[in-house]
Amino acid sequence: MELDEKYDVIMIGGGAGALAASIYTCRADLKTLILERKYVGGQVIITTDVDNYPGFPDGINGVELIQRMEMQAKRFGVEIRNEEVVKIDVEAGKKVVTTDSAVYAAPILILAMGADPRKLDVPGENELVGRGVSYCGTCDGPFFRDKDVVVAGGGDSAITEAIFIAKFVKSMTIVHRRDTLRAEKILQNEITSNPKASFMWNSKIEKISGNNKVEEVSIVNVVDGGKKNLPCGGVFIFIGNEPNTGFLGNLLPADAGSHIETDQTMETAVKGIFAIGDVRKNSFRQIATAVGEGVTAAIAAEHRLGDMRNKG
Ligand code: NAP
């Protein structure tokens, strides 16, 4: 395959952080390509109401927010291609990016691949995905109208999604491995006052069962070891996420959860490679912080490129 070297900056992943970064790199006259394997927008696309992104006092739908960002980025000339990156090599300062259909090389790379939902890793989970097991309340909640469902997790995602799912279901049992929620206080207040929601504290799902669709979950109390089977029509799992960094191999230092380490400018251990958003160690994983990290990386990238070109 012919090497395409016409870009100054290549971004891998097309979420909010990359779109924001591309507005800055394009305005700095850097030829910018975003490579996205699925759809532009990442996790924001599956969020119905975004209520904490500044500038929208009544909230904004996730799809609309992304469409607006994409239109803005395209106005300044970003190119977006639907390709999956399989490998990155660094050769004499050049970052060579191999996708499923092309090979590119650029001096600057911004890694913005986001993360996928973490799995419970229990029997029945994989077999019953799409048959009652879901990782997206916003997408699937309406399919569980008048059903009894179980929600796993106690973080912001679990409780935000639980509040949405509660609009449709008959009842919801939130199974959390500790006795306190990790989610923001405002979300905690809303879910604990919802009459459809009840809690099983200090508890974990051990098994999901059903004949071709979810019928029951087996739950164990992690304090006293007590076991219980709970009949239900669906299981929603929101227990965090895993960064999409697999194709990097050992190219960059990362933490035990494979989140990439960066400095304050979002630059990794390799000069000219930046990481932003959910793939980055210590990211707060908010849309607003991903956007801020993207803009930081874009400005730092412009400086780095200047340094590289001055040194010839
Ligand atoms: P998270 O904050 O890491 O929470 C994960 C939850 O799942 C925790 O309650 C954790 O329990 C539980 N958990 C993890 N592994 C588990 C396992 N193997 N079995 C059972 N339970 C398990 O992840 P998140 O909720 O997806 O949020 C990710 C980031 O996005 C956070 O920074 C969050 O603030 C942000 N976010 C923000 C919003 C918002 O602002 N509205 C919405 C969504 C996400 P422990 O509590 O015991 O660790």
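Visitor: Which residues have the most contacts inside the largest nonpolar core?

Guide: The largest nonpolar core has 35 residues, and L65, M69, I110, F274 and I287 have the most contacts inside it. A nonpolar core is a set of buried Ala, Val, Leu, Ile, Met, Phe, Trp, Tyr and Cys residues joined through side-chain atoms within 4.5 Å. Buried means under 20% relative accessible area, exposed over 50%, and partly exposed in between (1.4 Å probe, protein chains only). At least two residues of this core come from each of β2 (9–12), α1, α2, β10 (108–111) and α6. The largest share, 8 residues, is supplied by α6. Helices (H or I, at least four residues) and strands (E, at least two) are DSSP runs, numbered from the N terminus.

A word on the model: it is predicted, local features need pLDDT of at least 70, side-chain atom pairs count only at pLDDT 80 or more, and totals for chains, interfaces and linings use all residues. Residues are numbered from 1 along each chain as its sequence is written, and side-chain values use heavy atoms, with hydrogens and water left out.

Visitor: Which residues does I110 touch?

Guide: Contact means heavy atoms within 4.5 Å. Leaving out residues up to four places away in sequence, I110 touches V9, I10, M11, I12, A21, F274, I276, A297 and A298.

Visitor: How do I read a salt bridge, and how many does the structure hold?

Guide: A salt bridge is a side-chain nitrogen of Lys or Arg within 4 Å of a carboxyl oxygen of Asp or Glu. The structure holds 19 of them. In one, K31 pairs with E79, their closest N and O atoms being 3.4 Å apart.

Visitor: Why does the pair of K31 and E79 tie together parts that are apart in sequence?

Guide: K31 lies in the loop between α1 and β3 (32–35) and E79 in strand β6 (residues 79–81), so the pair ties together parts 48 residues apart in sequence. K31 is partly exposed at 36% relative accessibility, and E79 is partly exposed with a relative accessible area of 26%. E79 also forms a salt bridge with R81, with the closest N and O atoms 3.3 Å apart.

Visitor: What separates E70 and K74 in helix α2?

Guide: About one helical turn, because they are 4 residues apart in that helix. Their side chains meet in a salt bridge (2.9 Å, N to O). At 44% relative accessibility, K74 counts as partly exposed.
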